[in-house]
Amino acid sequence: MSQFENDAIFWVELEKIRPNPYQPRTDFDEARLKDLAESIRQYGVLSPLIVTRHEETREDGGISTYYELIAGERRLRASKLAGLSQVPVIIRSVEESDREKLELAIIENLQREDLNAIDRARAFDRLAKEFKLNNAEIGRKIGRSREYVSNSLRLLALPQEIQNGLRTGAIYEGHARALLMLEGRPEEMMTVFRDAMVRKLSVREVEKITREIAWDRARKRDVKPEIEAMEREFAERLGTKVEIREQEGGGKLIIDFFSPEELAGILSHLKVVSSESGIQSSETKDSEPGAENPPKDDSFSVERFSI
C-alpha cells in the first residue's frame, strides 16, 4: 500500500505537473471546465490534486523535479484556465504501480461520475488486457458488481459511430443497451440508431423497435406453430423477447433483459404468476373433488424446458 508523504499538502508550480498517462477520460466538457475555472478564481482549489514526485537529469547535467498527476485532471486543466501558477497537492510515494495509477484515476472519475460510458468501458478493458484482471476483480476494485463490468464492456462491441454518440451524450446508455439486441446485424442497428437520433426517440421507444426486429428474426426461424405461439405469449406476459429452443427430451427458454432492474421485474412477475397458479389449482381441486382430468398432450409442457 502506497503512502502519502506525512499526509501534508504542498504547493507546486503548475508547469511542473505532467498528466497521468493512464487517465481514462478522453473527453472534457469545455463549458464545465470554464465553470470550474471561474469557481477556482473565486474560491481557489478546494480539493488537492494527487501526484507522485520524480527527478530527471537535465541536458546540462543538473537535476530537475517534476510531478506526475494521479488524480485531479479537471482541476489541473481548470487551474490553468484560471491563470493560477501553483496548486495544492498531496504527494504519494513513487512506488505507485502503473495499475494503481489507472485504478485511482478510474475510481476518482467514477466517484465523481465524470466518466462517460465508453471511456468507462475502455478503462475496464485496459484493466483486463494490460493487468490481467477478470470482471469480478475489476468490480471489487471499484465497488461494483461483475455484471456491471460485463455490461459496460459489451458497449465496446457497438459500431464506432454509435460509441461516439454515446460518448458525446447524443444518446443514453439505455439506448446503447437496447441497440445491442441487434448485435450481429450492423445495418439494422445503424438504421435504428440514426432514426433515434433524428426523431429523438426515448430509450423505451428504441427498446420497442429493437424487440420487434428481434422478434421478426425469431419468427423466421423454422419453428413449430405451437412453439411460436408460446413464444408470443411469453413475450406479451413478460414484456420482452423470449425464445424457445427445442432439444431432444426438453429445451431452453431464453429471456432477454436490458438491466438488473428489468431482470428483477421479470422474476417478480414470475413469482406472482406462480403464486396465483398455485391458488387456482387448489380452488379447482376443492370445488371438483370427483372430476376427472382429461388426458392432454404434454409435448409442449413448460416442464420439459429449462431456463
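Accessible areas here come from the Shrake-Rupley method with a 1.4 Å probe.

**Figure 1. Overall view of the predicted model.** The accessible surface of the chain comes to about 18600 Å², and carbon and sulfur atoms contribute 48% of this area. The fold contains 12 helices and seven strands. Of the 307 residues in the chain, 39% count as buried. Among contacts with a separation of 6 or more, 67% join residues 24 or more positions apart.

**Figure 2. Close-up of the crossing of helices H1 and H2.** Two packed helices are described by the angle between their axes and the distance between the axes. Helix H1 spans residues 30-43 and helix H2 spans residues 73-81; their axes come within 8 Å and cross at roughly 70 degrees. Because angles of 65 to 115 degrees count as roughly perpendicular, H1 is described as roughly perpendicular to H2. The crossing of H1 past H2 is right-handed.

**Figure 3. Close-up of the residues in the contact between H1 and H2.** H1 contributes Arg32, Leu33, Lys34, Leu36, Ala37, Ile40 and Arg41. From H2, the contact involves Arg74, Arg75, Arg77, Ala78, Ser79 and Leu81. By residue class, the contact of H1 with H2 comprises six nonpolar, one polar and six charged residues.

Figure 4. The buried residues of H2 are Glu73, Arg75, Leu76, Ala78 and Ser79. Of these, Arg75, Ala78 and Ser79 are buried and also take part in the contact with H1.

Notes:
Residues numbered from 1 in each chain as written. Predicted model: local features only at pLDDT ≥ 70, side-chain atom pairs only at ≥ 80, totals over all residues. Heavy atoms only, no water. Helix = DSSP H or I, 4+ residues; strand = E, 2+ residues; numbered from the N terminus. Buried < 20%, exposed > 50% of the residue type's maximum accessible area, 1.4 Å probe, protein only. Contact = heavy atoms within 4.5 Å. Axes fitted to C-alpha atoms, helices over the stretch in contact; angles between N-to-C directions. Parallel < 35°, antiparallel > 145°, perpendicular 65-115°, else oblique. Left-handed = near helix turned anticlockwise from the far one by under 90°. Nonpolar A, V, L, I, M, F, W, Y, C, P; charged D, E, K, R; others polar.
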